[in-house]
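Colleague: Hello! Could you walk me through this structure, one question at a time?

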Amino acid sequence: MKHNLHSLIKSSIVVAAAICTPLTLSSAEEAPITDFNPDQNETVDWRIVDDGVMGGLSQGQVSFTDQGTMRFKGNLSLENNGGFSSVRTSRVDLDLSESEGIAMRVRGDGRNYQVRLSTDARYRSSEVSFKADFPTTKGEWREVAVPFKKIVASWRGRSLENAFDPSKIQRVTLLLGDKKPGPFALEVDWIRAYGPDSGVGSATSSRSIIDTALADGRFSTLATALTEAEMVEALQGDGPFTVLAPTDEAFAKLPDGTLSKLLGESSRDTLRSILNYHVISGSAKLGDALKLGTPTTLQGESVQIAFTEGRIGVNEASLVNADIQCSNGIIHVIDAVLLPPVPKPKSILDTAKEAGNFETLLAALEATGLVSALTADGPFTVFAPTDAAVGRLPESAESLLLEENREKLEGILKYHVVKGRVSAGDALNSGQALTLGGESLEFAVSEGLLKVNGSTINTVDIECSNGVIHIIDQVLIPGNVEKVSAVRPGPAQQIISAIGKGVPLYNSGKAAACATVYQKCAEELVSNETVNSELRNMLALGLDRAKKVDSANSRAWMLRRNLDQAMSRIHSSSR
C-alpha cells in the first residue's frame with residue numbers, strides 16, 4: 001500500500017531563540033509562532049528599533065519575501081555611542097511553558113546575532129531582556145536551537161539574576177550588537193518551539209528520518225517523490241540510513257518538465273533509482289562520510305563526498321546542513337538533486353541473457369560456437385527472434401538443429417546478424433542490409449509496421465556496448481533451408497525445440513502446458529536407446545522427482561533445470 005507522506009505532517013512549529021547549537025527537529029511537541037506568512041506578519045507586526053533611540057546612527061530595515069522569509073538588513077554604526085539594530089514583534093503573549101527551547105532556521109552573513117525574549121519581568125520599572133547569542137554562516141542556511149535554560153537576563157548591558165518564565169513571553173527580538181560597524185544581513189525562514197522529546201541539541205533524536213524531514217519544512221517535493229516511489233515505509237524502518245536530502249529549491253533547479261515526468265507512473269523505476277542514489281546504508285556523520293570518500297548508495301553506484309574549492313561537495317551538489325540526527329539514521333541537506341551515472345550498455349550477449357526471452361537463440365549460438373563472435377567489439381546489428389518466435393518454427397525447420405546440419409544452423413544465425421550499427425531509421429532509409437552470411441535482408445513498412453523479410457520488428461534500437469538489437473517476431477530463414485531433409489532431431493535439438501515451445505507458454509501463465517512440453521521431451525529422450533545411457537538415467541531421475549510435485553509452476557521449473565543439465569552434459573561430451 002502506498003503511504004502518503006504528506007498525511008504524516010503534524011502542526012507546523014514556530015517561536016524564538018537562545019544559545020545556539022546545531023539543530024535537529026524531531027518532536028511532536030512544537031508550538032507555532034511564525035513562519036512569516038502574510039497573515040502572521042500583519043498580526044505579529046515586526047518593526048525596526050535602532051540605536052537612534054539613544055542617539056546612534058545605525059539603520060535597519062525589515063522586509064518579507066515571496067518565499068515566506070523575513071529579511072533583516074542594514075548598516076551598523078558605532079558613532080554617537082550607538083552600535084545596535086534590532087527587529088522585534090509587537091506584543092504577542094506566548095505561553096511556552098510546555099516547551100524546552102526555541103529553534104530557528106537562518107541564513108546570515110557570518111556575524112553573531114542575539115535573540116531576546118521579553119516577559120513581564122522588570123528591573124527599576126524597566127523591561128528585562130532574556131537573551132542568547134547565535135552565530136550565522138555567511139550565505140548558508142543553518143538551523144539553531146536555544147534551550148530556555150541557557151537564556152540569561154540583562155538590563156542595559158548589566159547581567160541580572162531574574163529567572164526566565166517561558167509562560168509569559170510578550171515580545172520576540174532579533175538584535176545585532178557585535179561592535180563591528182558595517183552592513184549586515186540576516187534572513188529567517190521560521191522560528192519554532194520544541195518540546196522535551198524533540199531531541200534538539202541532543203546526540204540522538206526520537207524521530208525517524210521521514211518525520212524529521214517533514215518537521216523541517218524544506219522537503220515538500222522530496223516527500224512527494226518518496227510517496228510516489230512507495231519508499232516511505234522503508235525510510236521509517238530501523239535502518240540505519242544516511243540520507244542526502246535535496247531541498248525544494250534543489251528540485252526546482254531541475255530542467256523544466258523533468259520533475260513532473262519523474263513523478264509520472266511510467267517513470268516509477270527511474271524515480272526509485274534516483275531516490276535510492278540519495279541513500280547510504282548505515283549512519284555516517286559528515287566526518288565519517290568524508291573519510292569514506294566515495295560511499296556506495298542503495299542504488300548501487302557511489303557518490304563522491306569531498307572538500308572542493310572551499311566547500312563540501314556531494315558530487316556536483318553542495319552541503320547545506322550536516323549531521324541532522326534521527327532515530328534511524330542521519331540527514332545531510334544538499335542543494336541539488338543527485339542523478340546517478342547513466343549505466344554503461346552491456347554487450348549484445350549479456351543484454352540478451354538479461355532479457356530472459358532469448359533462451360533458444362542463446363542455446364543455438366552456443367551450439368554453433370558463435371557466442372565469442374557476439375562478445376567481440378563489433379559493432380553488430382542483431383535481429384533477435386524471441387523464444388516465442390522460435391516456438392512457431394514449422395516441424396520441418398527443426399531439422400536444421402540436427403548436428404549434421406550444424407553448418408545450416410550457423411547460416412541461419414548469421415542471417416540474423418549485420419556488421420555495423422544499423423538503427424531502425426538507417427534500415428528503413430537504406431531498404432536493405434548485407435548479413436554476415438553474405439545474403440541481403442529487405443526492410444519495408446507494411447500496414448504501419450516495420451518489417452524485415454516479412455518479420456515484424458517489435459522493438460527497435462536496443463543499444464549495446466558492441467552494437468544494437470532489434471527484436472523480431474519470426475525466425476528469418478535463408479533460401480537454402482528447403483534443401484535440408486527432415487530427419488529425427490538429436491538430443492540437443494530436441495531440448496532446444498522444447499524450450500522454444502515451453503518458454504512462451506510459461507510466460508503467458510500456462511505453467512502446466514509448459515511442464516507438459518518439457519516432460520514429453522524428457523520422456524522421448526529417456527525412451528530413445530541411441531541416447532547416452534548416463535544422460536537417459538539423469539533425465540529419468542529428474543522425471544520421477546518432477547512427477548511427485550503438485551505445483552505446475554514448480555514442476556515446470558524442475559523439468560526445465562533437468563533439460564538444462566542434460567544440455568550442459570551434451571555440450572561437454574561434444575568438446
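Colleague: In which sense do S7 and strand S14 (residues 182-194) pair?

Modeller: First, a friendly note: this is a predicted model, in which local features need pLDDT of at least 70 and side-chain atom pairs count only at pLDDT 80 or more, while totals for chains, interfaces and linings use all residues. Residues are numbered from 1 along each chain as its sequence is written, and side-chain values use heavy atoms, with hydrogens and water left out. Isoleucine 102 stands opposite alanine 193 in S14. Over seven bridges (strands pair if DSSP finds at least two bridges between them), the sense of S7 and S14 is antiparallel.

Colleague: Which residue of S10 is the bridge partner of arginine 107?

Modeller: S7 also pairs with strand S10 (residues 141-147), in the antiparallel sense over seven bridges. Within S10, the partner of arginine 107 is tryptophan 141.

Colleague: How many of the seven residues of strand S7 are buried?

Modeller: Buried here means under 20% relative accessible area, with a 1.4 Å probe and protein chains only. Strand S7 (residues 101-107) is largely enclosed by the rest of the structure, because the number of its seven residues that are buried is six.

Colleague: Which strands stand at the edges of the open sheet?

Modeller: Six strands form this open sheet with mixed pairing, in the order S16-S15-S20-S19-S18-S17. Two of them have a single partner strand each, so one side of each is left without a neighbour in the sheet: strand S16 (279-281) and strand S17 (305-308).

Colleague: What stands opposite threonine 242 in S16?

Modeller: Strand S15 (residues 241-246) and S16 pair in the antiparallel sense over three bridges. In S16, the residue opposite threonine 242 is isoleucine 280.

Colleague: Now the helices: how are H16 and H17 oriented to each other?

Modeller: Helix H16 (residues 511-527) and helix H17 (residues 533-547) pack at an angle of about 140 degrees, with their axes 9 Å apart. Angles under 35 degrees count as roughly parallel, over 145 as roughly antiparallel, 65 to 115 as roughly perpendicular and the rest as oblique. H16 and H17 are therefore oblique.

Colleague: And which residues of H13 does H10 meet?

Modeller: Helix H10 (residues 359-368) and helix H13 (residues 406-414) pack at an angle of about 130 degrees, with their axes 10 Å apart. From H10, the residues taking part in the contact (heavy atoms within 4.5 Å) are Leu361, Ala364, Leu365, Ala367 and Thr368. In H13 they meet Arg406, Leu409, Glu410 and Leu413.

Definitions and conventions. Axes fitted to C-alpha atoms, helices over the stretch in contact; angles between N-to-C directions. Helix = DSSP H or I, 4+ residues; strand = E, 2+ residues; numbered from the N terminus. Buried < 20%, exposed > 50% of the residue type's maximum accessible area, 1.4 Å probe, protein only.
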